[in-house]
Amino acid sequence: MPITYHYDQGQADDRICHAYQGLGFGNSWANHNFSFTTEARYWFQYQGNENLKFTGDDDVWVFINGTMAIEMPGTHNRSVGTVILDASNGTGQVGYGETPSTYTTVDFKLTIGHLYEVVVFQAERWCCG
């Protein structure tokens with residue numbers, strides 16, 4: 001028994017998503033399993049003034065040096081999170097939106113010239129967007 005979702009998120013056409021309960025089959029445009037997660041890890045040498053931008057339409061979490069930097073939980077339209085690392089004190093300014101109007105200071109405990117890990121977790125939960 002298919003689960004039918006009406007897809008209407010700014011698309012030119014009026015699509016119907018037949019998500020067959022995550023079984024991953026069908027001939028329509030969205031009949032496959034979107035229920036997956038990703039984890040990406042990378043290292044960078046902190047110089048200060050790095051500008052990091054992350055986007056997603058489902059759950060996204062970003063950690064820098066073990067501290068949460070970006071949190072965009074749930075299923076939603078495209079969201080953007082930005083982190084601008086300070087060159088003087090190991091902190092970062094975190095803002096949300098394409099052009100953030102406000103920022104929050106987060107202490108990542110970074111030291112110029114040292115290597116740090118960035119970890120991105122993402123969960124794709126919505127079948128149709």
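Colleague: Among contacts between residues at least 6 apart in sequence, what share joins residues at least 24 apart?
Modeller: That share is 53% for the protein. Keep in mind that this is a predicted model.

Colleague: What's the secondary structure count?
Modeller: Zero helices and ten strands. From the N terminus on, the order reads β-β-β-β-β-β-β-β-β-β.

Colleague: And how much is buried?
Modeller: Of the 129 residues, 35% count as buried.

Colleague: What about the accessible surface, how much of it belongs to carbon and sulfur atoms?
Modeller: The accessible surface comes to about 7600 Å². Carbon and sulfur atoms hold 51% of that.

Colleague: Let's pick a strand. Why is β7 largely enclosed by the rest of the structure?
Modeller: Strand β7 covers residues 79-85. Five of its seven residues are buried, so the rest of the structure largely encloses it.

Colleague: Which way does β4 run against it, parallel or antiparallel?
Modeller: Antiparallel. Strand β4, residues 51-56, is joined to β7 by six bridges. Within that pairing, Gly 56 sits opposite Ser 79 of β7.

Colleague: How many bridges join β7 to β8?
Modeller: Five, and these two strands also run antiparallel. Strand β8 spans residues 91-96. Here Leu 85 stands opposite Gly 92 in β8.

Colleague: What lies between β7 and β8 in the hairpin?
Modeller: Five residues separate the two strands of the hairpin. One of the turn residues, Gly 90, has a positive phi of about 75 degrees.

Colleague: Switching to rings. How many aromatic pairs does the count come to?
Modeller: Three aromatic pairs. One of them is Phe 44 with Tyr 116, 6.4 Å centre to centre. Their planes make 45 degrees, and the pair is tilted.

Colleague: Where do those two sit in the chain?
Modeller: Phe 44 is in strand β3, residues 36-45. Tyr 116 is in strand β10, residues 115-124. The pair links distant parts of the chain, 72 residues apart.

Colleague: Is that pair buried or exposed?
Modeller: Phe 44 is buried, and Tyr 116 is buried too.

Colleague: What about Phe 63 and Phe 121, how are their rings placed?
Modeller: The ring centres are 5.9 Å apart. The planes stand at 80 degrees, so the pair is edge-to-face. Phe 63 belongs to strand β5, residues 59-64, and Phe 121 to strand β10, so the pair ties together parts 58 residues apart in sequence.

Colleague: How do Phe 63 and Phe 121 count on accessibility?
Modeller: Phe 63 has 22% relative accessibility and counts as partly exposed. Phe 121 has 27%, and counts as partly exposed as well.

Colleague: Which residues form one aromatic cluster?
Modeller: Phe 44, Tyr 46 and Tyr 116.

Colleague: Last topic. Where does Pro 100 lie?
Modeller: In the loop between β8 and β9, with β9 at 104-107.

Colleague: Why does Pro 100 count as buried?
Modeller: Pro 100 has 13% relative accessibility. Buried means under 20%, so Pro 100 qualifies.

Colleague: What is Pro 100 in contact with, leaving aside neighbours within four places in sequence?
Modeller: Thr 82 and Gly 95.

Colleague: And how far apart are Pro 100 and Gly 81 in space?
Modeller: They are 8.3 Å apart, C-alpha to C-alpha. In sequence, Pro 100 and Gly 81 are 19 residues apart.

Notes
Residues are numbered from 1 along each chain as its sequence is written. This is a predicted model: local features need pLDDT of at least 70, side-chain atom pairs count only at pLDDT 80 or more; totals for chains, interfaces and linings use all residues. Side-chain values use heavy atoms; hydrogens and water are left out. Helices (H or I, at least four residues) and strands (E, at least two) are DSSP runs, numbered from the N terminus. Buried means under 20% relative accessible area, exposed over 50%, partly exposed in between (1.4 Å probe, protein chains only). Contact means heavy atoms within 4.5 Å. Accessible areas come from the Shrake-Rupley method with a 1.4 Å probe; for residues, only the protein chains shown count as cover. Two strands pair if DSSP finds at least two bridges between them. Rings of Phe, Tyr and Trp (its six-membered ring) pair if their centres lie within 6.5 Å; planes under 30 degrees apart count as stacked, over 60 as edge-to-face and the rest as tilted.
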